[in-house]
Amino acid sequence: MNSAIHALLIGFRATIANVRANAQTFLISVVTIAISIGILGLFLIIFFNLNGFLASWNQQVQLITYLKDDISPAQKNNLEDLFKTNSRVQSTEEVSKDQAWQEFRLSQAERSGLELDLGFNPLPASYKIRFKMSDNRLLHISEFAEQIQNEPGVESVEYGKSWISRFEKFMVFCRVFLMATGALLSFGLILIISNTIRLSIYSRQDEIELMLLIGATPHFVKIPFLMEGMLQGLCGSLLSLGLMGVIYYYLKSEFQTSMESIARGMDFQFISEPFLLILVGASVLIGLVASYISTYQYMQVLNKR
Amino acid sequence: MIQLFNVIKKYGSGSPALDDISLKIERGEFVFLTGPSGAGKTTILKVLFGWEDFEEGQVLVQGINVGKLNAGNMHTLRRSIGVIFQDYKLLTNKTVFENVAFAQEVTNRDRKTIKFKTWEALKNVGLTPKKDSFPPQLSGGEQQRVAIARAMVNAPPIILADEPTGNLDQEISLEILKLFEELNRNGATIVFATHSQDILKLGNHRVIVLSRGKVVSS
């Protein structure tokens, strides 16, 4: 145990000495990793916010139940009971005929500047029903709409069935597309990072060769390179995420209001904490694996003799 | 100390680089290894410190059977040998002091000992004033002296030198030869590969002559 700690300490000292002696190569690797992680991070920010944007649209979908003008109080009570007993219903808002007409007149006046006066009210009374968030929210809306549209006193129901169907397909497409793009991007970036680290090791083949010549053990040769690879991954990812954080807070302070006006209630998000940890961890891991493969391969070549 | 028994080494399908070589070098001996280019001088040295494999025969160095070593335990052999090359093999991004200290770091010595031994080795080769210089700032002779300091700093019982004066003029070559003779007087076994007749004449030591991978005189 003590000898393992001793070996790690020596390795760490050697790593720091190597970083100092090869500062330029180290910096180039760190910047390359930072750029790669930055590209992936930006992609994740876009992914999370687009997802949030789609979810906020989804949240705005509601079921409107239009009532017949001659609906009886008993029929109304029956409908209200149905809303209350459905555990998925979040809230119900009753809109009377007069209220509907007032809202319609106001919105028309805002748009065209004309005051409507038909002499009668053509609009029906209605209930606006909002549903709780759940995985199959749109399916529940559709099922509930079918259930109540044949109830007595109900004129019709509306929740944009065809629009929702198209929207759902669009959301599935968006998510699959983003995930596939993310996977391809991640794969490409893994190759870029690992090749950068491999090149930095290949540029120091003489050092590895000399270490073996003067009697270094394979562990003594490998440990500083592995630590350096991990350090490159750590520094690169922290640099990148730090810069992205600064840019994010700037953009948020500048554009949050505009974002909210496009998608009500939507917050402009940064990469979530678990993903931040995954990004840093993955970067360190890639550094470690790339260094291991490179030193291992080069030492194999030397040992084949 | 060093024994080769019927060693055969081939590169590809051509004629062997070492063709049934057998020889013995005693403890504390100073031996010149000579012959024309391609005679097998470098190959013998590489076989001795486990850098080249061989197809047949046996090689014993300090009682270690070189052919039986693998990548995991090769360092046990190499720590008992100091190797010096014609092209010095110094790390250009490390100072003279760091280059010499590096050879001890790989053996896990403590910092104090490393500092003391490095200083001592540099003093022995007359390079203490240049300890903070980088190899490209030194002359060829100085670089070779750094390489010698690095090879001797761990006090190995065997020193193998592959054309250590190949890039140096006669005056400097003589100085380098004297350094090796000093190491030999201190007990190290020296195997010095050279094709320079001047060096062979200046050093009055046993000469092993190689030609086309065979020992022609010993």
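Mentor: Buried means under 20% relative accessible area, exposed over 50%, and partly exposed in between, with a 1.4 Å probe and protein chains only. This is a predicted model, in which local features need pLDDT of at least 70, side-chain atom pairs count only at pLDDT 80 or more, and totals for chains, interfaces and linings use all residues. Residues are numbered from 1 along each chain as its sequence is written, chains are lettered from A and ligands numbered from 1 in the order in which they are written, and side-chain values use heavy atoms, leaving out hydrogens and water.

Trainee: Then why does Ile39(A) count as partly exposed?

Mentor: Because its relative accessibility is 40%. Ile39(A) lies in helix α2 of chain A; helices are DSSP runs of H or I with at least four residues, strands are runs of E with at least two, and both are numbered from the N terminus.

Trainee: Changing topic, how much area is buried between chain B and chain A?

Mentor: About 2200 Å², of which carbon and sulfur atoms give 62%. Buried area is the accessible area (1.4 Å probe) that two parts lose on being put together, summed over both. Trp51(B), Arg78(B) and Val106(B) supply 27% of the area that chain B buries against chain A, more than any other three residues.

Trainee: And how many salt bridges are there between the two chains?

Mentor: The count is one, formed by the side chains of Glu209(A) and Lys89(B) at 3.7 Å, N to O. A salt bridge is a side-chain nitrogen of Lys or Arg within 4 Å of a carboxyl oxygen of Asp or Glu.

Trainee: What about Lys41(B) and Glu163(B), what do they form?

Mentor: They form a salt bridge, with the closest N and O atoms 3.9 Å apart. The pair links distant parts of the chain, 122 residues apart: Lys41(B) is in helix α1 (residues 41-48) of chain B, and Glu163(B) is in the loop between β7 (158-162) and α6 (170-185).

Trainee: Is Lys41(B) buried or exposed?

Mentor: Lys41(B) is buried, because its relative accessible area is 6%. Glu163(B) also counts as buried, at 9% relative accessibility.
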